[in-house]
Amino acid sequence: MASVITFMALLDITDLRKAYRNPDGQRAEVVQVPALALEAGQQVALRGASGSGKTTFLHLLAGILAADSGTVRIDGQDMAALAEPKRDRLRATAMGYIFQTFNLLQGHTALDNVVLGMAFGPGKVDRPHARALLERVGLAGKLHHFPRQLSTGQQQRVAVARALANRPKLVLADEPTGNLDPRNAREAIALIREVCRENGAALLLVSHDEDVLMQFDDVRDFTALNQAAHLREVAS
Amino acid sequence: MTIPGLVWRSLRQHALSTIVTALALALAGGLLLTVWVVKTQAQKSFTDVATNFDAVLGARGSKLQLVLNAVFFMEASTANLKEADYEQIRRHPAVARAIPIAMGDNLRGYRVVGTIPAMFAEAELAAGRLWEGDEAPEAVLGSFAARQLGLTVGSEFNPTHGLAEGGPHEHEDHYEVVGVLAPTNTPLDKVVWIPVHGVQHMDGHNAAAADELSAVLIKLRSPAAGFMLDAMFNRQGNALTFAYPVATIVADLFGKIGWFDRVLALVAYLVGVVSAATVLVAIYNSMSARRRDLAILRALGARRRTLFGAVVLEATALGVIGMAASFGVFAVIVQVVAAVIRHETGAVIDPWAWHPVMGWAPLGMVTLCALGGVIPALKAYRTDVAAGLTPES
C-alpha cells in the first residue's frame, strides 16, 4: 500500500473573522479571510490599501487580538483557540513582528531592544545571538546606542534584528518601510528577506507600496483575500 | 532580559521622577527613624544619667523640677536649702554620698555650678587638676563646655549673674581654669564647675544666702533607705523635698510627654503613607507615557502578569532606594538633633545603636510602596496591546 505523506503548513488560516462594533452600535466586519497558508520559509507579500484591515489581520495572526471565529494554525497550534497566556507564549516563541513605526523601546539600547525580542520565550536570553544579529544588519558599532541616537534606517534594522531574536518560524511585517525613503526602503526589504531566509523564517509582509511589493515573487491582493473589505466595498 | 532588567531600565529612563520620588521616601524614612531613635535613645540617655544618683534633696517644690535642675541643669532652681540641711543628710547613716550644688551664674550660657571635688569621683580629668581648697578662684570645666567656650587650662573668666546668657551683670570674681574633665557623656560635660563656696560668696550675691545651696545629690546605701528618707522629708517634714527615686521621676517625665511622642509618631506615620502615595502617583502618572512601551512588551510576548510584576517591582525598588537613602537623611537629621539634645541637656545619644525601627520602618515603607505599585500595575495588566501600538497623533 502506498504511504501518503502530508505536509502541514507553517501558517494555516481557515475562515478567520473579526468584527468591531461601531460607535452607532452597528457591527462592522473588519477581517473575513476564508483561507491562507504559508509553508516554512515561504515569503509572501500582501497588497492592501490603508484601512483594509491589514494590521488587524496581522494582530489576529500574532494573537495580539482574539478572533471572533476561525482558526489560525501556527506550526500546528491554533492561535485563535488558545487562552491569552498561551497566545503570548506562542508569539514569544515562534513569531517575530516588524512594525511600521519600529516600536523600539526608547529607554533601551539597540542591543537591549534585540534582547527583549527573546526575553519572554521559554529559553535563556542569548546576548551573543542578539549581538550577532545586530552585526548582521550592519549595526556592529551601534550596539549601545539608544533609538534616539540612531537614524530612521538604523532603527528599522534594529527592529528587524529584534523580530529575529527568538529564532521565529514566522515573521510578520506590517508596512515595515512606511517611514523610510525609497532607497532605504528597498534596502530594508532586501535585508528583511535575506535575514529571514538565512534564519529559515517564513515571512508574511503587508504593504501598499508597489516598490516594496515588486521585490517579492509571491504577491497577493489582501483586498481580494479579505472578504470583509470586499463586502464593505459592495455596501458602499 | 529579566524583569529586574526591565525595572532598572525604567527607573533609569524616568530618572528625574525616580530621584524625586526616592528623595521623598528618604525624607519620610529618615523622619520615621529619627522620631523613634531619638525618643528611645533620649529616654535611655536620661535614665542612664539619672541612675548616677538615687535622690535629690532640695527646697520644698516639684520633684521633677528639682531633678531637672540638679541632675540635668535644666529649668530654674527651686528655692534654696540651708547648708545645715546638707550637713544633716551627709551625716545620715543611710547616705553613702551627698554632693552639694549651688547655682545662680553662667558663663556665656553655660551654667556655673558650685560643688565639691567628690562630684568628680567617677570622672576623669583630660587636662589639669581639680581646684585646691574650698574657696580657690579656680574652675574645672566639663569637656563640652570647654570646647564650646574655647577655654583651656590657664584660661580666665568672670561669671555672669543669672542662669541664662545675657544676665544682669558680670561678677567681679575672677576664675582661672585649672582642669578640664574627660567626656562623661552626662550633663557634667556642659557645666563650668567652681567650688561651692565660690558661688555662695560671689560678688553681688545676697550675703544672707551665703549659707544656702541649690540642692544636694544623694547616693544611698540601700533602696530601703530611700523610702525611709522619702517618708521623713516628704510626709513628716514640710520644708524640704526629697526626690526619690530619680530614675522613676525621669521615667515619669517621659510618661507625661508620651502624648507628644504619639503625635510625633502619628506625623511620621502620615509622612510615610503620603510618601508611599507619591510612589503610586509617580508611577500612575507615567503610565500614559508608558502605554506604548507596555504594548510593545506585550506584542513581544510579555504576559500580563509579567508587566504587573514589573510595575510592582519597580515601586518596590523605589521603596528600597528611598529607604537606603533614608539612612543618610537619618544620619544628618539625627546629628543635628543629637547636638541640640547634648547642648540643652548634656545627654549623649547613640543614634546608631540597634533599634527595631531600623528594621520595621524600612520594611514597612517598602511594603507600602509595593502596595502603592499595585494600582498602576493593574493599569499595566489591562494594557490594550492593539490600541497601545497605534501611534498617538
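Chain A comprises 236 residues, for which a compact globule would have a radius of gyration near 18 Å; the value for chain A is 18 Å, which agrees. This radius is taken over C-alpha atoms, and the globule rule is 2.2 Å times the number of residues to the power 0.38. The structure is a predicted model, in which local features need pLDDT of at least 70 and side-chain atom pairs count only at pLDDT 80 or more, whereas totals for chains, interfaces and linings use all residues. Residues are numbered from 1 along each chain as its sequence is written, and chains are lettered from A and ligands numbered from 1 in the order in which they are written.

The C-alpha trace of chain A spans about 55 × 50 × 35 Å along its principal axes. Its secondary structure amounts to nine helices and nine strands, these being DSSP runs numbered from the N terminus (helices: H or I, at least four residues; strands: E, at least two). Of the 236 residues, 48% count as buried. A residue is buried if 20 or more other C-beta atoms, placed from the backbone, lie within 10 Å of its own, exposed if 12 or fewer do, and partly exposed in between. Two residues are in contact if their C-beta atoms, placed from the backbone, lie within 7 Å. Among contacts in chain A between residues at least 6 apart in sequence, 71% join residues at least 24 apart.

Helix H1 of chain A (residues 54-62) has eight of its nine residues buried and is therefore largely enclosed by the rest of the structure. The buried residues of H1(A) include Lys54(A), Phe57(A), His59(A) and Leu61(A). Gly63(A), which follows H1(A), has a positive phi, near 80°.

Helices H5 (residues 152-163) and H6 (residues 182-199) of chain A pack at an angle of about 15°, with their axes 11 Å apart. Axes are lines fitted to C-alpha atoms, for helices over the stretch in contact, and angles run from 0 to 180 degrees between N-to-C directions. H5(A) and H6(A) are therefore roughly parallel to each other, a term applied to angles under 35 degrees. At this contact, Gly153(A), Gln156(A), Arg157(A) and Val160(A) of H5(A) meet Asn184(A), Ala188(A), Leu191(A), Ile192(A) and Val195(A) of H6(A). These residues divide into five nonpolar, three polar and one charged. Ala, Val, Leu, Ile, Met, Phe, Trp, Tyr, Cys and Pro count as nonpolar, Asp, Glu, Lys and Arg as charged, and the others, Gly among them, as polar.

The contact between the chains takes 23 residues from chain A and 17 residues from chain B. On the side of chain B that touches chain A, the elements giving two or more residues are helices H1 (3-13), H9 (258-299) and H13 (385-389) of chain B. H1(B) supplies the largest share, four residues. By type, the residues on this side of chain B are nine nonpolar, four polar and four charged.

Several backbone features are also noted. Most residues other than glycine have a negative phi, and most peptide bonds are trans. Phe102(A), although not a glycine, has a positive phi of about 70°. It lies in the loop between strand E6 (95-98) and helix H3 (110-116) of chain A, and counts as buried, with 22 C-beta neighbours inside 10 Å. In chain B, Phe73(B) has a positive phi of about 55° and is buried, with 21 other C-beta atoms within 10 Å. A cis peptide bond, with omega about -10°, joins Tyr244(B) and Pro245(B).

Technical notes:
Parallel < 35°, antiparallel > 145°, perpendicular 65-115°, else oblique.
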